[in-house]
Amino acid sequence: MAKSVEDKVAVAERLLTLAREYGLPDEDLFVDCLTFTLGSGEEEFRASAMATIDAIRTLHERHPKINTLLGLSNVSFGLRPAARQVLNSVFLEAAREAGLTSAIVHATKLRPRSAVDPALWTIAEDLVFDRRRFATQ
C-alpha cells in the first residue's frame, strides 16, 4: 500500500493507464487513495492523512474526470468513538475540499463542524494536517 503522495499518485496513474487501454472512460473510474490510521501513534503514519489528501488533490488536478474514493474511518481506527467522530468529520471535510468525490462512511458517525466544540475541531485538524507543537515553541 502506497504511503507517500508520489507513490499514491503513481499507483493511481498506472491504474488509469491500464483502464484507458481497455477503453474505460475516466468518469467511470474510482481511485482509492487509501489512508492509514492516525491513532496508532507510529511516527511513520503521522503525515498519512495529509499524504492521502494531497494525492486526492493531485489526481483531481491532473485527471479531473476520475472519481476518488476513501474508506473514511480507516484514518481514526483504534481511537475511542467520540474522537473517531470528530477526526472522521475533519478528515472528510479536508478530503472533499481536495476533490474527493465518494466516501465509504457511516453517516451517523459524522458530525458537522457546527456541532463540534471548536477546540476539539482544531485538535483534530492539527492531527490531520500533522501540525506539531512542542513545549519549546
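Where is the place of V31? The place of V31 is in strand 1. The model is predicted, so local features need pLDDT of at least 70 and side-chain atom pairs count only at pLDDT 80 or more, while totals for chains, interfaces and linings use all residues. Residues are numbered from 1 along each chain as its sequence is written, and side-chain values use heavy atoms, leaving out hydrogens and water.

**View 1. V31 in strand 1.**
V31 is buried, at 4% relative accessibility. Buried means under 20% relative accessible area, exposed means over 50%, and partly exposed lies in between (1.4 Å probe, protein chains only). Leaving aside neighbours within four places in sequence, V31 is in contact with A12, L15, L16, L59, I66, N67, T68 and L69. Contact means heavy atoms within 4.5 Å. A98 is 67 residues from V31 along the chain, and their C-alpha atoms are separated by 14 Å.

Strands (E, at least two residues) and helices (H or I, at least four) are DSSP runs, numbered from the N terminus.

**View 2. Strand 2 and its bridges.**
Two strands pair if DSSP finds at least two bridges between them. Strand 1 and strand 2 pair over three bridges, in the parallel sense. D32 has L69 in strand 2 as its bridge partner. Three bridges also join strand 2 (residues 67-71) to strand 3. There, G71 has I104 as its bridge partner. Four of the five residues of strand 2 are buried, so the rest of the structure largely encloses this strand.

**View 3. The largest nonpolar core.**
A nonpolar core is a set of buried Ala, Val, Leu, Ile, Met, Phe, Trp, Tyr and Cys residues joined through side-chain atoms within 4.5 Å. Helix 1 (5-21), helix 2 (48-62), helix 3 (81-98) and helix 4 (118-128) each supply at least two residues. Helix 3 gives the most, with eight. Leaving aside neighbours within four places in sequence, V128 touches L38, A49, M50, I53, L87, V90 and F91.

**View 4. Helix 2 and what covers it.**
Buried residues of helix 2 include S48, A49, M50, I53, I56 and L59. Their cover includes helix 1, strand 1, strand 2, helix 3 and helix 4.

**View 5. The aromatic pair F36 and F45.**
A search of the whole structure finds one aromatic pair. The ring centres of F36 and F45 are 5.0 Å apart and the planes meet at 25°, so the pair is stacked. Rings of Phe, Tyr and Trp (its six-membered ring) pair if their centres lie within 6.5 Å; planes under 30 degrees apart count as stacked, over 60 as edge-to-face and the rest as tilted. F36 is buried at 12% relative accessibility, and F45 is buried at 13%.
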